[in-house]
Structures are given as structure tokens and as C-alpha cells.
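Please look over the model shown here with attention to the place where its two chains meet.

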Amino acid sequence: MEILDPKEKNAIKKFARQGYYIFDIEDKKILKAIKDDIKREAAKILKRKLKGYNFFNYTQNYIKNNFLNSFRLKIYNKLNKDKKFLEKYYKMGRKYIDLFCGNELAIQKKINLSIQLPEDSSSLLPIHTDVWSGNSPFELVLWIPLVSVKKTKSMFILSPKQNKYYFQNLNKFKTAENIYTHANRKLNWLNIRYGQGLIFSQNLLHGNVVNKEKTSRWSFNCRFKSLFSPYDLKKYGEYFTSINMRQASIMGINYDEPKIK
Amino acid sequence: MMSLKLNKLWHMGYISSREIDGNIIPQKVQNLVIRDYAQRNNMNLLLSSTEYKMKNSFLMFDSLINKKNQNFVGIIIYSLFMLKDYPNREKIIIELKKNKLRIFCALEEIEIKNDTDILSLKKIFFINLNKK
């Protein structure tokens, strides 16, 4: 039995067909506030004033590749120290996370930040599915860029239909590189504007390559799953925390069966 | 413009999603050991590659050692025990030499440099079979 309105049904249908769903973030103030926090922190680290928001698209003019990771980690740590950060992030995709995943959720404890400078090969994620690396197949990723992304500045994903081939024929490939070479022409490069978010199934093969565009990519990613769905190597408590745990579940966890001697 | 005033060479981490010699080691811990090893040996570290969890998969490892145009000069694997079931172990040195790569085992703090080291691995694996 499904009790959903037609818009919700359409969104689910599209998500099931594509394996991903791009949506407009309703409260863009949250996104802007996060960007402002980053800009403030970046100005501190770089010891210089940053005017406007050009810094995000032109980060390569401010930071060299070999300093990028330590810079990224400083920003990542600062953002994730804020106890409200998870909540703010969830709110930006809540409508569709709840629709695709349920409303009693497990959320990754720390939100990942990725920065891809043009021509930088130091932080690539070759073609993969998170499931093959210890994530549960019940997880979805909420991916939000801080700049508009397209082509190699973005990420690629295979459709569920295309994905099936590689799952059934993995033995034919000797290296992950071979899978990418074979899949190269079929990849969907996602075109996402600033102010939009993406939800995708990490069961599907996805990844990125060297950013060949002229501007830098900044993006967040965070995994969500139904709280009581199965876990794999990324465990509840260590990697995930709960969000919106309902009272009935709390009561159930605290329920103690009477003991009869 | 900021940059690191270091002349360190880039190394790629390599971690597992499977049991390593009968133990499940959280990936976070594997990465910590690799990072610590890299820091102590003055190596720059790239984001780790994670081996797939499917039994007998070495697709990521093979990608690393076969890659022709690497942006790294060495691979730091969490533990030598990750190579216990690697079917092409005897050929690792050939591949490394061909692609001008070095390979280090962070937990055991060793480098696998030549065929003698490969033979040592065999000895280590055999002796460690004798568990209580």
C-alpha cells in the first residue's frame, strides 16, 4: 500500500529509473550561510580578504595543489564541529531524503567535503560503488555542490540498467581502470546548478575524473539510510548517528521483558 | 598563494573492505595507521584507494600497480596480510619496477623491494598459520 500524492510518485519513479534525482533546494539561505562560514574560515587560513563568492570557482588562484588537502581538512573540521551542521545539511534535502529513505533516519556523523581544482589529480575517486567498499546497499547519498557543476567538474553515474552489466560481468575486468575505460561512453555527467541538490544511490557505479573545466568544484556528500535497515562495515555509532528517531522506537529500545525465575 | 614548502613525494594509500588475516579493521583505523606511517617517513599522502569487499577482488590493487601515468611514486598498504591471497604476488616486483613504483606496508613498517622480500612474505604467512 502506498499513500503518496502524484508529485511524490513521479519523483520516486524518476529516482528509480535514473538512480539519482536532482532537486531545487527550497531554503537557499542555509546554503548561503554555509558558504559564508567557509569563506570566513578560508580567509583566516589564507590570511587574506575574500570578496564576493568568486573564491569558490577560482580556488586554484588561491591554493596550490599540495596544500589543498590540509586546507580542505581545516574547513571540514571547522564545519563538522558545529553541532547544527548535520541538521542544516539534512534540511536542505529533507523533502526527498524522507521520500526515498523514510523519516526515521541514520545520517553519516561527518559530512564530507570535496574540492576539485582544475587539472588536479590528487583527490580523485575512480569508478566505484560505495557498497563494494563496505557501505550498506540501503544507503543514499545527498550531494550538494557549492558552485554550478557540469562535465568533468561534476561527477558521473551509471544508470541502474547500465550498472547491471558490470555487476554481472565483473570477472571480465582486471582493474577498476578497465571498468572505467569500458564504461566511458555510457557515463552520465550530471549537470547541477548552484542551489540544487542531488540524491543518488551509491549502489550505482559513479566517480569523478580530473576536472578539465576552468573553474573549481566544491561539493559536500553525506550518506543517509533508514535507521533500522541493515548496516555493513560503516556502523551505527561509529559512522552513523540517528536523526528523527521516533518515540515508539525509543520506547521499543527501552522495553525490558519481565523476567520470570 | 599558499603552498607546502616540502619536497615530499606523493604516495597512495590502500585499504581493505574485507577481513585482513581474520580481523575486521575499521577503514578509519587503517587510514590512521597509513597516515601515521606517511608522516613519520616524510611522505605526502593521497586519498586511499579502497579494495572492493568481494572475495578475491584485487581490482583496485591491480589498478594501482598497473597504472602507467600515476600521480604517485609509491603505494602504502595498511598491512602485508592484505596480499596473502593475492594471486599475482610473485609478479609484484616486476610490475613495480616496470611502473617505477615502491610499495610499503604501514603496520609492519616494511618496504617490499625485491623477490627476497616476496619470499619473506610467504614465510610470514606460513608461520602465522600456526595460531592457537
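This is a predicted model: local features need pLDDT of at least 70, side-chain atom pairs count only at pLDDT 80 or more; totals for chains, interfaces and linings use all residues.

**Where the chains meet**

Helix 7 of chain A packs against helix 2 (residues 59-66) of chain B at an angle of about 90°, their axes lying 7 Å apart, where axes are lines fitted to C-alpha atoms over the stretch in contact and angles run from 0 to 180 degrees between N-to-C directions. Helix 7 of chain A is therefore roughly perpendicular to helix 2 of chain B, a term that covers angles of 65 to 115 degrees. Helices here are DSSP runs (H or I, at least four residues), numbered from the N terminus. In this packing, Ala176(A), Glu177(A) and Ile179(A) meet Leu59(B), Met60(B) and Ser63(B), contact meaning heavy atoms within 4.5 Å.

Residues are numbered from 1 along each chain as its sequence is written, chains are lettered from A and ligands numbered from 1 in the order in which they are written, and side-chain values use heavy atoms, with hydrogens and water left out.

Taken as a whole, the contact draws 32 residues from chain A and 23 residues from chain B. The two chains bury about 2,300 Å² between them, 62% of it on carbon and sulfur atoms; buried area is the accessible area (1.4 Å probe) lost on putting two parts together, summed over both. Asn66(A), Trp132(A) and Leu233(A) supply 23% of the area that chain A buries against chain B, more than any other three residues.

Charged pairing can be followed next. Across the interface the rule finds 1 salt bridge, defined as a side-chain nitrogen of Lys or Arg within 4 Å of a carboxyl oxygen of Asp or Glu. The side chains of Lys53(B) and Asp232(A) meet in a salt bridge at 2.6 Å, N to O. Within chain A, Asp37(A) forms a salt bridge with Arg40(A), their closest N and O atoms being 2.5 Å apart.

Terms used: Helices (H or I, at least four residues) and strands (E, at least two) are DSSP runs, numbered from the N terminus. Angles under 35 degrees count as roughly parallel, over 145 as roughly antiparallel, 65 to 115 as roughly perpendicular and the rest as oblique.
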